[in-house]
2 protein chains.
Amino acid sequence: MARTRSEDRLDRAMDVFWQRGYYDTSIEELMSRTGLHRAAVYGSFRSKRGLFEATLRRYQEKVVAAFVAPIARPDATLADIDQFFRGIHDAAAQSDKRWGCLMINTASEVSPHIRSVERIVSLYLANLRGFFHRASVNARTRGDFRSETDVDQVADYLTGAVLGLWTLGRCPVPALALSHYLQGVRGYLDSLRPGAKRRGPSGSRADRAS
Amino acid sequence: MARTRSEDRLDRAMDVFWQRGYYDTSIEELMSRTGLHRAAVYGSFRSKRGLFEATLRRYQEKVVAAFVAPIARPDATLADIDQFFRGIHDAAAQSDKRWGCLMINTASEVSPHIRSVERIVSLYLANLRGFFHRASVNARTRGDFRSETDVDQVADYLTGAVLGLWTLGRCPVPALALSHYLQGVRGYLDSLRPGAKRRGPSGSRADRAS
């Protein structure tokens, strides 16, 4: 499907914000990289912030939707959670550009400061958490997770694990660190299986180790 | 110990960068918040970047050193790793300021763009990983971890988990999400104990679940 000229320009603006972040991107750079005139930026989007928020929506439709596809289905379960994390890992590790995820870069850089951006990020995180929660309920029902699994805990942990993996992908670390991180998340998921030895409330043994 | 006037000003500059990030902080704001004159910024630090790097060094000495104390000892082991993560969790969760960790905010926002900052962040991450590695070797030797535990994998996972926890602390999520995340990391650590059922290469069961 051919992109329209305005979609093409929005994609280029998205790439600039994705690579450089919101605050390091100037209107001048946006104009030179997208071919948009200053009047078009202010006329169509009112401000740099308006254009940024339009690129976040574009990113949701174009990038996030593809990543979350495995866990967005109503019948998603443990294997889909696993596929989702492998997908993020492969995307983060194959690139030497260290762009990370635009939404998660924005969560850290911009969402504490701009309320309208915080709302977009909050919705993104709540959706992600909701997908993990539903998939965890399914996994528990199917017997992939133990019957006493706390699906709220799992959903919050996995949401944080997504932040960890993408932030790691933006950091100066070797690619092996990313696959080791993925192994850790998978080890956690494995520990929820019925076959894994039950250890009481998580962390209780570490308390006694001191 | 009384702070000198210049340390006090450096601390205030650190707080500005910590809260707002590097790129959203102007020289004008630094001057008004610290009492430094423009000539002093350029005379003492050569540039905004020079001042920023001085605040990163100050942050290392003052904040990072206190957080890593439990895992920095040569005989640190599993209980110390656990104490370290509880310390981060408590700091991130008690604050509603959502400042996160200056070093990790910087890793994501600045390190892909400024080589001298990347070097500071790389060293920080390498030190953190080194502490986790040594503590994991100690834990394996003491029998807190299974004898076949891959300490390189553990060290990389835990480094990424620090990024995840602090990034979560800068995001618009409820405090409960942070404690759920901590529980997940502790569950992972528990799964490395000799008493936990060995499951072969981590993640292998998830592969077969599809």
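Phe85(A) touches Phe132(A), Leu158(A), Ala161(A), Val162(A), Leu165(A), Leu182(A) and Val185(A), leaving aside residues up to four places away in sequence. The model is predicted. Phe85(A) belongs to the largest nonpolar core, which has 130 residues. Within that core, Phe85(A) and Phe85(B) touch the most other members.

**Where the chains meet**

Chain B also meets chain A. The contact involves 60 residues of chain B and 60 residues of chain A. About 5100 Å² is buried between the two chains. Carbon and sulfur atoms give 58% of that area.

Polar links cross the interface too. There are 13 residue pairs in polar contact, counting pairs with both residues at pLDDT 80 or more. Two salt bridges join chain B and chain A. One of them pairs Glu118(B) with Arg98(A), and their closest N and O atoms are 3.0 Å apart.

Which elements of chain B give two or more residues to the side that touches chain A? They are α1 (5-20), α5 (78-94), α6 (102-109), α7 (115-142), α8 (151-170), α9 (175-191) and α10 (204-208) of chain B. The largest share comes from α9(B), with twelve residues.

**What that side is made of**

The table divides the residues of the side of chain B that touches chain A by class.

| Class on the chain B side | Number of residues |
|---|---|
| Nonpolar | 21 residues |
| Polar | 20 residues |

Note on methods. Residues are numbered from 1 along each chain as its sequence is written. Chains are lettered from A and ligands numbered from 1 in the order in which they are written. This is a predicted model: local features need pLDDT of at least 70, side-chain atom pairs count only at pLDDT 80 or more; totals for chains, interfaces and linings use all residues. Side-chain values use heavy atoms; hydrogens and water are left out. A nonpolar core is a set of buried Ala, Val, Leu, Ile, Met, Phe, Trp, Tyr and Cys residues joined through side-chain atoms within 4.5 Å. Buried means under 20% relative accessible area, exposed over 50%, partly exposed in between (1.4 Å probe, protein chains only). Contact means heavy atoms within 4.5 Å. Buried area is the accessible area (1.4 Å probe) that two parts lose on being put together, summed over both. A salt bridge is a side-chain nitrogen of Lys or Arg within 4 Å of a carboxyl oxygen of Asp or Glu. A polar contact is a pair of N or O atoms within 3.5 Å; within protein, one must be able to donate a hydrogen and the other to accept it, and residues adjacent in sequence count only if both atoms are side-chain atoms. Helices (H or I, at least four residues) and strands (E, at least two) are DSSP runs, numbered from the N terminus. Ala, Val, Leu, Ile, Met, Phe, Trp, Tyr, Cys and Pro count as nonpolar, Asp, Glu, Lys and Arg as charged, and the others, Gly among them, as polar.
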